Amino acid sequence: MIAISPTSALVLFAALTSLVVPCQAEVNKVEKIGEDVYFHEGEIRPSGHCNNGWIVFEDYVLVIDANFPSGARVIIPKIEAITDKPVRFAFDTHHHGDHAYGNQVWLEKGATPVAHENALAEMKKYETGLFGGKPGRWEDAAKGRKDVAESKLKAPTLLYRTEMIFDDGKHRVELLHFGTAHTHGDGWAWLPKEKILFSGDACVNGAYNFTGDGNIGEWIKTLEAVKKLGAKVVCPGHGPIGGPELLEDQQAFFIALQDEVKKLADKEPAQVEAAVPTIMATLKKNERIARYVGNFLLAQVEKAFIEQGGKPFPKLDVPKK
């Protein structure tokens with residue numbers, strides 16, 4: 001029997017990614033990817049940190065993703081080593097802890113947390129009891145993460161619905177929303193001049209796709225819309241930086257996953273669950289998408305099966321993120 005405790009999706013992510021062999025790349029190193037544009041691949045194991053980016057404008061800095069509090073503290077001195085301009089905005093690409101729990105750290109540096117309005121709605125729904133509901137993932141994470149326990153959850157207060165634009169005449173960053181993918185509030189940071197795209201977890205480079213808060217079918221459509229931007233550089237939420245092939249490969253993985261599950265449409269949930277090792281072997285044969293196949297596959301197959309009209313697996317206790 002496979003059982004995953006629903007106590008904390010954040011703990012789940014840290015535990016599973018500790019088992020995934022990440023793509024070979026140098027983590028915790030600042031990479032300049034454009035004039036005044038930087039990328040930093042976060043340390044997944046053991047810290048659980050997401051990737052970050054930042055853009056140095058004429059008078060301030062815009063940071064992509066707040067990270068966990070400990071991740072934010074890793075990034076701050078690296079930014080300060082590059083520029084003495086203040087960080088004024090921290091863009092949460094979505095509501096998950098490894099991308100938004102560091103908001104308090106950035107606020108203390110004078111930054112305002114920014115996000116799509118659905119990210120705030122999902123933070124209220126899933127992340128905490130601070131808004132009058134039941135305790136959520138923040139409270140769970142505080143039990144196991146010292147950096148979270150010593151911080152405070154700060155929600156984004158500067159919100160957008162379709163787009164928000166930062167433009168000082170030299171640099172332009174467009175915060176966009178294309179629909180549901182990893183979550184219902186995924187935000188993308190697009191630099192049209194440089195054709196650089198920061199995707200958050202709506203596009204990753206490795207076996208880091210948590211599907212519990214999203215919709216695989218909609219995710220495929222969202223990626224199709226994003227591809228039309230014509231990005232030349234894609235900065236994923238986890239894993240190494242890449243080119244437009246990251247969007248293609250991410251989408252191809254989900255399409256292949258759906259196709260394999262469709263073959264089992266007439267099966268009972270237990271039979272589909274038992275077929276996961278076979279599905280894994282089939283997907284891994286595709287070199288293009290093999291790196292996306294990992295410890296989340298059981299939950300991904302169940303998600304795809306439910307979206308196609310099936311019922312939850314009998315042995316899988318999926319966390320309600």
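Visitor: Which residues of helix α11 meet which residues of helix α12?
Guide: V276, I279, M280 and L283 from α11 meet L297, L298 and V301 from α12. "Meet" here means contact, that is, heavy atoms within 4.5 Å. This is a predicted model, in which local features need pLDDT of at least 70 and side-chain atom pairs count only at pLDDT 80 or more, while totals for chains, interfaces and linings use all residues. Residues are numbered from 1 along each chain as its sequence is written, and side-chain values use heavy atoms, with hydrogens and water left out.

Visitor: What makes each residue of that contact nonpolar, polar or charged?
Guide: The residue type decides: Ala, Val, Leu, Ile, Met, Phe, Trp, Tyr, Cys and Pro count as nonpolar, Asp, Glu, Lys and Arg as charged, and the others, Gly among them, as polar. The contact of α11 with α12 therefore divides into 7 nonpolar, no polar and no charged residues.

Visitor: Then what makes α8 and α9 roughly antiparallel?
Guide: The axes of α8 (residues 216-227) and α9 (residues 245-262) come within 10 Å and cross at roughly 155°. That angle lies in the antiparallel range, so α8 and α9 are roughly antiparallel. Residues meeting there include W219, I220 and L223 in α8, and F254, I255 and L257 in α9. This contact divides into 9 nonpolar, 4 polar and 3 charged residues.

Visitor: How do you know that H49 is buried?
Guide: Buried means under 20% relative accessible area, exposed over 50%, and partly exposed in between (1.4 Å probe, protein chains only). H49 has 5%, so H49 counts as buried. H49 lies in the loop between β2 (37-40) and β3 (52-56), and among the residues it touches are E43, N67, R145 and H238.

Visitor: Why is the pair H49 and S70 called a polar contact?
Guide: A polar contact is a pair of N or O atoms within 3.5 Å; within protein, one must be able to donate a hydrogen and the other to accept it, and residues adjacent in sequence count only if both atoms are side-chain atoms. The side chains of H49 and S70 are joined at 2.7 Å, so the distance qualifies. A polar contact of 2.7 Å also joins the side chains of H171 and D36.

Visitor: Is H171 buried or exposed?
Guide: Its relative accessible area is 4%, so H171 is buried. H171 sits in the loop between β8 (163-167) and β9 (172-176).

Visitor: What is said of phi in N67 and K195?
Guide: Most residues other than glycine have a negative phi, and most peptide bonds are trans. N67 has phi near 65° and K195 near 60°, both positive values. N67 is buried at 1%, whereas K195, at 29%, is partly exposed.

Visitor: Which peptide bond is cis?
Guide: The bond from R45 to P46 is cis, with omega near 5°, and P46 is in the loop between β2 and β3.

How values were computed:
Axes fitted to C-alpha atoms, helices over the stretch in contact; angles between N-to-C directions. Helix = DSSP H or I, 4+ residues; strand = E, 2+ residues; numbered from the N terminus. Parallel < 35°, antiparallel > 145°, perpendicular 65-115°, else oblique. Lists of a residue's contacts leave out its neighbours within four places in sequence.
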